[in-house]
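Here is a short note for a colleague opening this structure. Please read the points with the sequence and the 3D view side by side.

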Amino acid sequence: MYKVDLSPDPKEVAAIEARRNREKERQSRFFNVRTRVMGVDVKALNSQVEERKLREATEQSKEAAYGTYQEQYDLVAQMLEKEEAERTRRLNKKVQEFREQKQQLKNRQEFDLWDPGRLWMEFPAYLGPSDPPCGPASLQCFAGEDLERAMCLKMQQEQFRYSLERQLQEQQQVQDDEKCADMLDDQLRLAVDMRAAQLAKLEESCRVAMMSAMANANKAQAAELAERQRRERQHEQEANLMEIQNQITSDLLTENPQVAQNPVAPHRVLPYCWKGMTPEQRAAIRKVQEVQRREKEAQHQADQALDAKWESQALHLAQAAMELEEQERELCAEFRRGLGSFNQQLAKEQNAQQNYLNSIIYTNQPTAQYHLQFNTSSR
């Protein structure tokens with residue numbers, strides 16, 4: 001069998017309902033004499049064109065303001081990128097200068113460990129009287145004498161002078177770096193302040209332009225709204241006057257029943273001109289209603305007679321069923337009584353058979369001598 005109780009699709013139901021509502025709205029708009037317009041509504045088209053132009057002008061002003069803000073943000077981002085790049089360059093330059101001045105290869109503590117000429121300097125040919133390889137047996141140096149004291153003092157002075165000059169150079173370099181950094185910071189701060197002032201002026205000009213554009217748009221919208229309301233009021237007044245004139249000059253307010261007749265279908269009436277039924281029509285309708293009432297009463301009596309007949313038949317059937325149930329119960333009771341007597345007779349016969357077996361057949365019990373003789377004969 002085919003399934004006919006399927007639930008409809010909600011989307012299809014919603015689409016049908018939407019089409020029905022649109023059709024109703026369209027009919028109400030077409031059939032309303034106050035709002036319908038024959039032909040093309042030039043005023044409505046002109047108002048739509050004006051609304052579109054105003055909307056386009058508003059969008060253009062918004063896009064221009066957005067472009068101005070975008071340019072400002074781009075300039076600020078470029079300035080920030082340049083500042084970051086300049087800061088990174090200065091930092092890298094300072095790091096490189098620090099490495100060149102204070103991290104030289106010869107000034108490292110571990111330079112002697114990986115000096116490529118270290119093996120050539122371990123055991124030179126001869127350095128002087130104080131050469132470690134030359135011991136007391138060489139008669140080159142003696143305890144208590146210092147033959148290289150002048151050279152050591154000269155080397156110490158040179159080393160002290162070199163350290164002092166290097167410290168002075170480092171201090172001068174630090175001061176120069178600080179002055180340069182302060183100057184760069186001042187220049188950067190001044191440039192940032194100038195750029196911020198320019199951006200503020202540009203933003204203020206954009207804000208003023210946007211406010212003026214928005215004010216003009218609001219004024220245009222207000223004027224358009226006032227004009228639309230004026231046209232609506234004028235159109236409503238004209239429609240009211242036209243309706244009053246139509247009511248006065250037409251047959252709508254008359255009592256002539258011929259006005260409500262449809263010229264195309266005489267058996268139908270015009271709903272907006274119909275004034276009610278005539279006495280002859282009311283009498284005909286009451287006559288038909290009386291005939292229908294009598295027919296319905298006769299049908300009701302026939303239905304009551306049929307229901308009574310069915311109730312009597314159901315009562316007879318119930319009595320017959322009760323009689324059959326009573327007969328069935330009597331037959332069952334008689335069957336149970338016969339079955340009980342048969343079971344008793346059978347029990348008596350079984351008891352008599354058992355007594356016969358116990359008293360006559362199974363009276364002689366075998367003894368041990370019988371079993372012994374049976375075993376001997378079997379061997």
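**Notes on the model**

1. Start with arginine 20. Its relative accessibility is 38%, so arginine 20 counts as partly exposed. The terms are set as follows: buried is under 20% relative accessible area, exposed is over 50%, and partly exposed lies in between (1.4 Å probe, protein chains only). The side chain of arginine 20 meets that of glutamate 17 in a salt bridge, 2.8 Å from N to O. A salt bridge here is a side-chain nitrogen of Lys or Arg within 4 Å of a carboxyl oxygen of Asp or Glu. Glutamate 17 is also partly exposed, at 37%. Both residues lie in helix 1 (residues 10-31), three residues apart, about one turn of the helix.

2. A word on the source. This is a predicted model, in which local features need pLDDT of at least 70 and side-chain atom pairs count only at pLDDT 80 or more, while totals for chains, interfaces and linings use all residues. Residues are numbered from 1 along each chain as its sequence is written, and side-chain values use heavy atoms, with hydrogens and water left out.

3. How confident is the predictor? The protein averages a pLDDT of 79, and 79% of the residues score at least 70. pLDDT is the predictor's confidence in each residue, from 0 to 100.

4. The layout is helical. The protein has six helices and zero strands. Helices (H or I, at least four residues) and strands (E, at least two) are DSSP runs, numbered from the N terminus. Buried residues make up 6% of the 379 residues.

5. Look next at helix 4. It has 101 residues and reaches 144 Å from its first C-alpha to its last, close to the 150 Å expected at 1.5 Å a residue. The expected span is 1.5 Å times one less than the number of residues. Its buried residues are Ala181, Arg195, Leu199, Cys206, Ala217, Glu224 and Ala239. They pack against helix 2.

6. Is glutamate 224 buried or exposed? It counts as buried because its relative accessibility is 13%. Glutamate 224 sits in helix 4 (residues 149-249). Leaving aside residues up to four places away in sequence, it touches Ser47, Glu51 and Leu54. A contact means heavy atoms within 4.5 Å.

7. Side chains of opposite charge can pair when their charged atoms come close. The structure holds 14 salt bridges. One of them joins arginine 87 and glutamate 84, at 2.8 Å from N to O. The two are three residues apart in helix 2 (residues 42-102), so about one helical turn separates them. Arginine 87 is partly exposed at 39%, and glutamate 84 is partly exposed at 44%.

8. Helix 5 (residues 279-361) holds glutamate 290 and arginine 294, four residues apart, about one turn of the helix. Their closest N and O atoms are 3.5 Å apart, in a salt bridge. Glutamate 290 is partly exposed at 30%, whereas arginine 294 is exposed at 55%. A network of salt bridges links Glu290, Arg293, Arg294 and Glu297.
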